[in-house]
Amino acid sequence: MKIAVLPGDGIGPEIVAQAVRVLEVLRTEGLKIEIEAAPLGGAAYDQYGAPYPEFTRKICRAADAVLLGAVGGPQYDTLDRPLRPERGLLGIRKDLGLFANLRPAVLFPELANGSTLKPEVISGLDIMIIRDLTGDIHFGEPRGMRTNDRGEREAFNTMIYTEPEIRRIAHVAFGIAMKRDKKLCSVDKANVLEVSEFWKEIFTDVAREYPQVQLSHMYVDNAAMQLVRNPKQFDVMVTTNLFGDILSDEASMLTGSIGMLASASLNESKKGLYEPSHGSAPDIAGKNVANPLATILSVAMMMRYTFNNIEAADRIENAVKKVLEKGFRTGDIFEPGMQKLSCSGMGNQVVAALG
Ligand code: NAD
Ligand code: IPM
Ligand code: MN
C-alpha cells in the first residue's frame with residue numbers, strides 16, 4: 001500500500017498526524033504500508049512556489065492512494081488565483097481524474113443528543129452524498145474578470161457539463177444505490193439552468209439501465225430545506241460539483257459536526273484521494289483542538305475503497321465508535337458531561353481503541 005500523505009495547511013498537519021498514527025498501528029500489525037509525505041496548497045506554494053508542484057505530483061501519481069488534510073489560509077487569499085492553495089486541490093483532483101466524490105453523512109448514535117437538530121430528526125441517519133468533483137463551474141472556462149463595453153467591471157464563471165461527464169457519475173451513483181436502498185435522488189436546478197436540464201435528461205436515460213433503482217429529482221433549493229426538515233427521506237443523493245459542495249457541508253451538521261464528515265474521491269481505477277470534507281479551519285489552527293475523526297474515518301474509506309480491506313475499515317470505524325461511546329469528545333462535538341479532548345488526545349484514544 002503506497003500512500004502519499006499531504007498534510008496541507010491550517011489544521012491539516014494536526015489532523016493528518018492523528019490519521020497517520022492509525023496507519024502506523026495497521027503497519028505494526030503487518031500491513032505493508034509505505035508512506036511518503038509531500039506538500040500541497042499553501043505549504044507547497046511556500047516551498048516550491050506552486051500549490052501542486054511537480055514534486056508532489058510525482059509522488060501522488062506513483063501512490064495507490066492519497067491522504068490529504070486540507071488546504072488554504074487567509075495569508076494566501078490575495079495571491080494570483082493560479083497560485084492559490086485551492087487551485088492545488090482542484091489541480092490534483094483533475095490530474096488524477098478523481099471525478100466521483102463520496103461524502104457519507106452517517107450519524108454515530110452517541111452524537112444524537114449533541115446535534116443542533118432534534119435527535120428524532122437525525123437518529124439512524126445514513127446518507128451517501130455523491131458529488132461530481134471535476135466538472136461544473138469549479139473548472140468551467142471561460143472564467144475571469146474584465147471591464148465591459150460600458151466601462152463597468154464584471155466577473156464571470158461558466159457552469160458546464162459534457163455528456164460523458166454526466167454519464168460516468170450517473171453510473172457511479174446508480175451502482176452505489178444498487179448496493180444500498182435502491183433509492184437515488186438527483187439534485188439539480190433544472191427549472192432555471194440548461195446545464196441542470198441536461199443533467200436530468202442524462203440521468204433519466206441512464207436510469208433505464210437500472211430498473212430496480214427508484215430515481216427521483218429534486219431542485220437544489222428544496223433539497224437544502226429537506227435536508228434539515230426530514231433528512232432520513234434520503235438514501236443516496238447525487239449532484240453537481242458546486243451544489244454537492246454546499247449540500248455536503250450542510251449534511252455534515254446532521255452528523256454533529258463538519259469534523260465528522262469523511263470523503264473519498266475516486267477515479268476510473270481504484271486510486272483514490274481521501275480527505276475530510278472540511279477546510280483548513282484557520283480559526284483553530286495550531287491550537288491542537290481540531291477534530292481528527294473525519295480524517296481518521298477517511299482512512300477507513302481508503303481501506304474500503306482502494307485497498308478492499310474491509311476488515312481494517314470496519315476496525316477503524318468501530319474504534320471511533322468505541323471512543324465516542326466512552327464519552328470522549330473534541331470541542332466541536334462536546335456536550336456537558338462528556339470528556340473534552342484535544343486533537344492529539346482524540347488520536348490517543350482512537351489508537352488505544354484500535355488495539
Ligand atoms: P472550514 O471547513 O475550514 O471551517 C469552517 C468552520 O468549521 C470553522 O469554524 C472551523 O473551525 C470549523 N471546523 C472545520 N473543520 C473542523 C474540525 N476538524 N474540527 C473542529 N472544527 C472544524 O471552512 P472555511 O472557514 O470556509 O475555510 C477555511 C479555508 O479552508 C479556506 O481557505 C478554504 O478555501 C479552505 N477549504 C479547504 C478545503 C479542502 O482542503 N478540502 C475545504 C473547504 C475549505
Ligand atoms: C471542498 C472545498 C473545495 C471545493 C475548495 C477548497 C476548492 O470546498 O473540498 O469541499 O470547492 O471543492
Ligand atoms: Mn467544500
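Student: Where is the place of Pro-142?
Tutor: This is a predicted model, and in it Pro-142 sits in the loop between β5 (126-132) and β6 (144-147).

Student: What joins Glu-141 and Pro-142?
Tutor: A cis peptide bond joins them, with omega at about 0°.

Student: What is the phi of Lys-182, and where is Lys-182 found?
Tutor: Its phi is positive, about 60°, although Lys-182 is not a glycine. Lys-182 belongs to the loop between α6 (163-179) and β8 (183-188).

Student: Which hand does the crossing of α1 and α10 have?
Tutor: The crossing in which α1 passes α10 is right-handed.

Student: Which residues of α1 and α10 meet?
Tutor: From α1 come Ile-15, Val-16, Gln-18, Ala-19, Val-22 and Leu-23, and they meet Thr-295, Ile-296, Ser-298 and Val-299 of α10. By class, that contact has seven nonpolar and three polar residues, with no charged ones.

Student: Now the chain as a whole. Which domains does the domain assignment give?
Tutor: The assignment gives domain 1 as 1-99 + 261-355 and domain 2 as 116-255. Their C-alpha centres lie 24 Å apart. The contact takes nine residues from domain 1 and 11 residues from domain 2.

Student: Which helix gives the largest share of the side of domain 1 that touches domain 2?
Tutor: Helix α4 (residues 85-95) does, with three residues. By class, that side of domain 1 divides into four nonpolar, three polar and two charged residues.

Student: Last, the ligand. Which of the 22 residues around ligand 1 come nearest?
Tutor: Gly-72, Gly-259, His-278, Gly-279 and Asn-291 come nearest.

Student: How do the residues of the shell around ligand 1 divide by class?
Tutor: The shell has 11 nonpolar, seven polar and four charged residues. If you tally it yourself, remember that Gly counts as polar.

Terms used
Residues numbered from 1 in each chain as written. Chains lettered and ligands numbered in written order. Predicted model: local features only at pLDDT ≥ 70, side-chain atom pairs only at ≥ 80, totals over all residues. Left-handed = near helix turned anticlockwise from the far one by under 90°. Helix = DSSP H or I, 4+ residues; strand = E, 2+ residues; numbered from the N terminus. Contact = placed C-beta atoms within 7 Å. Domains from an automatic or database assignment. Near = placed C-beta within 6 Å.
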